[in-house]
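Me: I'm new to this one and have it open now. Can you walk me through it?

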Amino acid sequence: MNSIYQPSLRLLRKSKNLTLKELSGITGISFQKLSEIERGLCPVSDEYICSIEKALGISLMEDSIEDRLIIDYYEKFIDVLFNGYSDITPFEEEINKLKTECNESKYNYYISVFEFVINCILYQNYDDSNVPNNITDDKRIGSLYMIYKSYKYIDSNYRESIRILDESMIMHMDYRLRAIAQYQKCYVYIRNFKIYDALSAIRISKLLFMKGSAYVRMYSCDYLTFKALLINSEYKSAIEIADQCLNSAEKLSLPSMHRSLIYRSIGLAYILNRDYDKAIDYLNKSAIDDDKNEELILEYIYAYSLAENYKEAEKWIKKGSIIIKGKNNLIELKYWINFNRFINSNPDKIIVKTDKIINYYFNKRIHDAYIFYMDIKIMLLERIRRYEEAFIEQKNKENHIIQLKNS
């Protein structure tokens with residue numbers, strides 16, 4: 001083993017979660033001798049090399065330590081992405097270690113992609129200017145890069161996003177990368193109201209995740225199915241899928257935030273299905289784990305306002321005025337403040353404000369919120385007995401949905 005690589009052996013040992021004492025016990029090499037080897041203070045015999053290779057499951061003669069570190073990092077990174085583990089922040093620390101240990105330009109080639117993917121996931125930062133132009137020469141790392149490059153075009157040009165994802169799947173045949181790419185396609189299709197395309201992509205991705213026993217990702221696929229059905233106004237089917245998600249979350253012992261999210265989602269489905277009592281029951285279950293969630297507060301306001309329980313709605317509006325900070329959520333809060341203030345005295349004013357929020361979400365391409373407020377407008381028109389206008393709005397909604405699906 002070249003002495004230039006010996007100091008990097010320490011990082012590789014740590015990547016295998018082994019202490020010097022444990023490695024000594026496995027290899028039969030003394031603790032002191034291993035410490036000297038890692039610090040590059042002594043030559044390494046072929047016998048020692050074979051013992052270390054066997055213990056770490058690597059070939060030190062064929063690959064440099066840096067090569068092995070990059071490969072090990074890639075494998076661990078893909079494993080986390082494939083299995084859908086939520087916390088990838090430790091990889092930021094490992095990136096800094098890799099930069100210290102792997103200082104040749106060829107390794108920066110890989111590190112730039114790892115950093116780009118982490119920035120996409122953690123910070124929604126899609127700047128890939130530091131990624132080399134020839135990154136796709138390496139099919140494996142290139143495929144990973146292409147999957148997350150697609151994030152840049154989700155709203156502005158979904159066809160380009162899908163094209164990039166398809167290209168990533170052709171580039172490398174690792175089924176884990178294909179599963180992640182298919183999952184991303186589901187998300188792109190849902191964001192752009194291509195519901196049947198989304199459901200098809202979800203089925204394929206779930207089969208690929210099943211192949212690798214990625215149960216958390218399979219649960220996520222079911223939740224995406226719920227979202228697709230909800231946007232498609234298939235409320236009863238959506239609720240059935242959400243119940244499956246609840247069972248999966250419990251079996252997988254997922255954090256309570258998952259359970260809270262599903263309860264909140266079922267609550268929204270019941271609001272859209274105009275069953276406000278059941279909606280509030282599920283929102284109450286969600287509130288047990290997180291009663292300060294902005295979306296939960298808004299859904300309470302929806303449910304109580306539409307159920308004409310303005311006193312309870314006012315309580316949640318006051319709470320929302322303190323807690324809600326998100327831009328879109330603040331716009332909705334202001335809408336519901338006006339809703340409760342004028343719905344009985346000046347319903348026409350609320351219809352005008354509903355039109356404004358419909359146009360806002362349509363221009364933002366946030367289709368689930370756009371459809372939700374279309375439904376609110378139809379309910380309002382029916383409430384004030386303008387049935388003909390309500391019928392026209394229903395037709396407009398259906399035509400908009402058809403246009404979105406075909407665009």
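Reply: Start with helix α8 (residues 139-149) and helix α9 (residues 158-171), whose axes come within 8 Å and cross at roughly 165°. Helices here are DSSP runs of H or I with at least four residues, numbered from the N terminus. Axes are lines fitted to C-alpha atoms over the stretch in contact, with angles from 0 to 180 degrees between N-to-C directions.

Me: Which way does α8 run relative to α9, parallel or antiparallel?

Reply: Roughly antiparallel, because of that angle; the term covers angles over 145 degrees, while under 35 degrees counts as roughly parallel. The crossing of α8 past α9 is left-handed, meaning that the near helix is turned anticlockwise from the far one by less than a right angle.

Me: Which residues of α8 and α9 make the contact?

Reply: From α8, Lys 139, Gly 142, Ser 143, Met 146, Ile 147 and Lys 149; from α9, Ile 164, Leu 165, Glu 167, Ser 168 and Met 171. Contact means heavy atoms within 4.5 Å. The contact of α8 with α9 has five nonpolar, three polar and three charged residues. Ala, Val, Leu, Ile, Met, Phe, Trp, Tyr, Cys and Pro count as nonpolar, Asp, Glu, Lys and Arg as charged, and the others, Gly among them, as polar.

Me: What pLDDT does the protein average?

Reply: The average is 85, and 91% of the residues score at least 70. pLDDT is the predictor's confidence in each residue, from 0 to 100. Over residues 1-7 pLDDT stays under 50. Where pLDDT is low, the predicted coordinates should not be read in detail.

Me: Back to helices. At what angle do α10 and α12 cross?

Reply: Helix α10 (residues 175-191) and helix α12 (residues 215-231) cross at roughly 20°, and their axes come within 10 Å. They are therefore roughly parallel to each other. α10 passes α12 in a left-handed crossing. The residues of this contact divide into nine nonpolar, one polar and one charged.

Me: How many aromatic pairs are there?

Reply: The whole structure has 25. Rings of Phe, Tyr and Trp (its six-membered ring) pair if their centres lie within 6.5 Å; planes under 30 degrees apart count as stacked, over 60 as edge-to-face and the rest as tilted. Phe 77 and Phe 114 have ring centres 5.7 Å apart and planes at 85°, so that pair is edge-to-face. Phe 77 is in helix α5 (residues 65-83) and Phe 114 in helix α7 (residues 105-123), 37 residues apart.

How values were computed
Residues numbered from 1 in each chain as written. Predicted model: local features only at pLDDT ≥ 70, side-chain atom pairs only at ≥ 80, totals over all residues. Heavy atoms only, no water. Helix = DSSP H or I, 4+ residues; strand = E, 2+ residues; numbered from the N terminus. Parallel < 35°, antiparallel > 145°, perpendicular 65-115°, else oblique.
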